[in-house]
Amino acid sequence: MSTFRDTLKTQGPGPASDRSIHAVPALPLLRLESLRKTYRDPMTLKPFMAVRDVTLELERGEIFGLLGPNGAGKTTTIKMLLGLVRPSGGRVLIDGREPSDPDSRRKLGYLPENPCFYDHLTPLEYLDLSGALFGIARQVRQRRANDLLERLGLASHARKPLRKFSKGMTQRVGLAQALINEPTLLILDEPMSGLDPIGRAEVKALLREQRARGVTVLMSSHVLAETESICNRVGILKDGALAEVGAVSALLASGVREWEIAVDRLPDAVVATLLEAGHATERIGARTLVRVADGEALQRMLRTLVDSGVFIHSVEARRETLEEHFVRVLGRPERGEAVS
Amino acid sequence: MTGAFAIAQNTIREVVRQRMVLVLALFGVALVAASQVLSPIALGEGRKVVTDFGLAGSSLLATLLAVMLGSNLLHKELERRTIYAVMAKPIRRSEFLLGKFMGLWVTSAALVAGMTAMVLALLSIVYRDTPWLLLGSLTLTVVELGVITAVVVFFSSFTTPALTAFFAMATIVAGHFADDLLYFATQGASPWITRTTEAVYWLLPHLELFNVRGQVVHGIAVAPERLAFGAAYGLLYMIALLVAAGAIFERREFR
């Protein structure tokens, strides 16, 4: 099957050099065009649109976070990218190939949500199987398997059956099998799930390492603080549709929400004055946090505090976090969606 | 095909590491031992009793293994979601199915071969006789197991484990009585029933074609033409079923 890239390489007039791959602007590694998925209730046959008209392009070497509450369509979207589920409309192109073409997955690594692997195998055997499915030579896949287990802190468990693994360890095996083919595109469904803080830090470091190697990462996540710190761009899915897409910095560039001044040993009299003036204060041990809404109020407050002779420990601008942005975009915080 | 071989190897490993094989193997040993106990009361026909019991028992056990393990083969992959990570690799669904089939067939064939070896060993030790013509029966039993495994894989590609086991067992029983089915249908039945039964007759696997145990027990060798025809029929039947199963499985969605 000719790929989109092949078509561009061979089309058009001009000298041969112009038709070379170098003359073609870098194509997005992953392209979703008006992607839709409709399921039918097996009892009532009533249609339910799980994914509606999602259009998205992922550039090479970026980490893209696909966010959304439970049931927003993240996993269905990912399954359509992998060919596990057929789209009801639209199309997916992975480096110019459709998911129905097995070759579209040759340089793709995938970590499923709550991964479950053959528990009769050891990690070493599972990685060997994964490598064999990619058609990697035995010696190469064995070397890579050992390296990956070492890198993910599983070397000492290499010959232990997977059924004895904790959730966090299984997650690491999942990451290892996703990397066995040295992918150019990594699709990770909830990669932080089940990991402790150290594990999360290690995964973040691993993803940054992959990005530095030029790998494109698409990850879905509920852990917004982690997503904010590693993703170049995010897309927020709401009821199956992309409600917002953009760079994290651009999405959160809606300005400073408030200023927070940390002062030490603030006299009670001054606290009372501040409260009277309508400023929020919060006492944490010997330290008091004073919050003011805008820059002008900040200047006045700082003068007042200096005049009072208190020690100003720090002044910090508080911007909207991705989590706050997420809740605002979804517009239904009262339902207590799973946001962590 | 590399992918199919990798899946087959994994399936063999999975079955071998399940205790069910051990239980069946022990049962096979017990069966051979029981036939040895029965032989003193067989009025001088002990050798035939051992051969008969051994061959029939090993074939039955291997068939049960294929049906029991095979009916859960795909369902377990979907239920435990192990298939997601596998299908995200550059492998076709039909390759995956072929790998599962090959793995199960090889396992059940190895089991029946092992038990036939036990029968041969028993006969050579106790009766100082090594009837190599049992290998003809073994060959056709292995082909029969391939057909049965293909039947199981076909049903498991679109239905539940319980229904797969039920349909597979029904097909196996009907397959052994296919000739009788045709005979009864043509005895004064209406043309519509005759035509339908004829269609069912041709669709069913003719499993009696692979049953040469009776003649082998009586020391009659299996003719090469019978072996060749059985193998050719069996292989064609397997290919047809696997192509149909592949086409069905290709359309399934992994929700």
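Reader: Where does A:Cys231 sit?
Author: In this predicted model, A:Cys231 lies in the loop between helix 7 (224-230) and strand 8 of chain A.

Reader: Buried or exposed?
Author: Buried. A:Cys231 has 25 C-beta neighbours inside 10 Å, and 20 or more make a residue buried.

Reader: Which residues does A:Cys231 touch?
Author: Leaving out residues up to four places away in sequence, A:Cys231 touches A:Ile63, A:Phe64, A:Gly65 and A:Val248.

Reader: How far apart are the C-alpha atoms of A:Cys231 and A:Val248?
Author: They are separated by 7.1 Å. Along the chain, the two residues are 17 apart.

Reader: How many bridges join strand 5 to strand 6 of chain A?
Author: Four, and the two strands run parallel. Strand 6 covers residues 185-189. One pair to look at is A:Leu108, whose bridge partner in strand 6 is A:Leu185.

Reader: Other sheet. What's the order of the three strands in chain A?
Author: That open sheet runs 2-1-4, with antiparallel pairing. Strand 2 (47-58) and strand 4 (89-94) of chain A stand at the edges. Each has a single partner strand, so one side of each lacks a neighbour in the sheet. The twist averages 25 degrees from one strand to the next.

Reader: How many bridges join strand 1 to strand 2 of chain A?
Author: Eight, with the strands running antiparallel. There, A:Leu35 has A:Val54 in strand 2 as its bridge partner.

Reader: Which residue takes a positive phi in that hairpin?
Author: A:Leu45, with phi near 65 degrees. The hairpin of strand 1 and strand 2 of chain A has six residues between the strands.

Reader: And how many bridges to strand 4?
Author: Five bridges join strand 1 (residues 30-40) of chain A to strand 4 of chain A, again antiparallel. A:Glu33 stands opposite A:Arg91 in strand 4.

Reader: Zoom out. How many helices and strands in chain A?
Author: Eleven helices and 13 strands. Chain A has 340 residues, and 36% count as buried. Of its contacts between residues at least 6 apart in sequence, 68% join residues at least 24 apart.

Reader: On to the interface. How many residues of chain A are in contact with chain B?
Author: 24 residues of chain A, which meet 22 residues of chain B. On the chain A side, helix 2 (74-82), strand 5 (108-111) and helix 3 (123-133) each supply at least two residues.

Reader: Which element gives the most?
Author: Helix 3 of chain A, with four residues.

Reader: Now chain B. At what angle do helix 7 and helix 8 pack?
Author: About 145 degrees, with axes 9 Å apart. Helix 7 spans residues 134-156 of chain B, and helix 8 spans residues 161-176. The crossing is right-handed.

Reader: Which residues meet there?
Author: From helix 7 of chain B come B:Ile148, B:Val151, B:Val152, B:Phe155 and B:Ser156. They meet B:Thr164, B:Phe167, B:Ala168, B:Thr171 and B:Ile172 in helix 8 of chain B. By class, the residues of this contact are seven nonpolar, three polar and no charged.

Reader: Last one, helix 6 of chain B. What span should it have?
Author: 50 Å, at 1.5 Å a residue for the 34 residues of helix 6 (residues 93-126). The end C-alpha atoms are 50 Å apart, which agrees. Just after helix 6 of chain B, B:Arg128 takes a positive phi of about 50 degrees.

Note on methods
Residues are numbered from 1 along each chain as its sequence is written. Chains are lettered from A and ligands numbered from 1 in the order in which they are written. This is a predicted model: local features need pLDDT of at least 70, side-chain atom pairs count only at pLDDT 80 or more; totals for chains, interfaces and linings use all residues. Two strands pair if DSSP finds at least two bridges between them. Axes are lines fitted to C-alpha atoms, for helices over the stretch in contact, and angles run from 0 to 180 degrees between N-to-C directions. The expected span of a helix is 1.5 Å times one less than its number of residues. A residue is buried if 20 or more other C-beta atoms lie within 10 Å of its own, exposed if 12 or fewer, and partly exposed in between; C-beta atoms are placed from the backbone. Two residues are in contact if their C-beta atoms, placed from the backbone, lie within 7 Å. A crossing is left-handed if the near helix is turned anticlockwise from the far one by less than a right angle, and right-handed if clockwise. Ala, Val, Leu, Ile, Met, Phe, Trp, Tyr, Cys and Pro count as nonpolar, Asp, Glu, Lys and Arg as charged, and the others, Gly among them, as polar.
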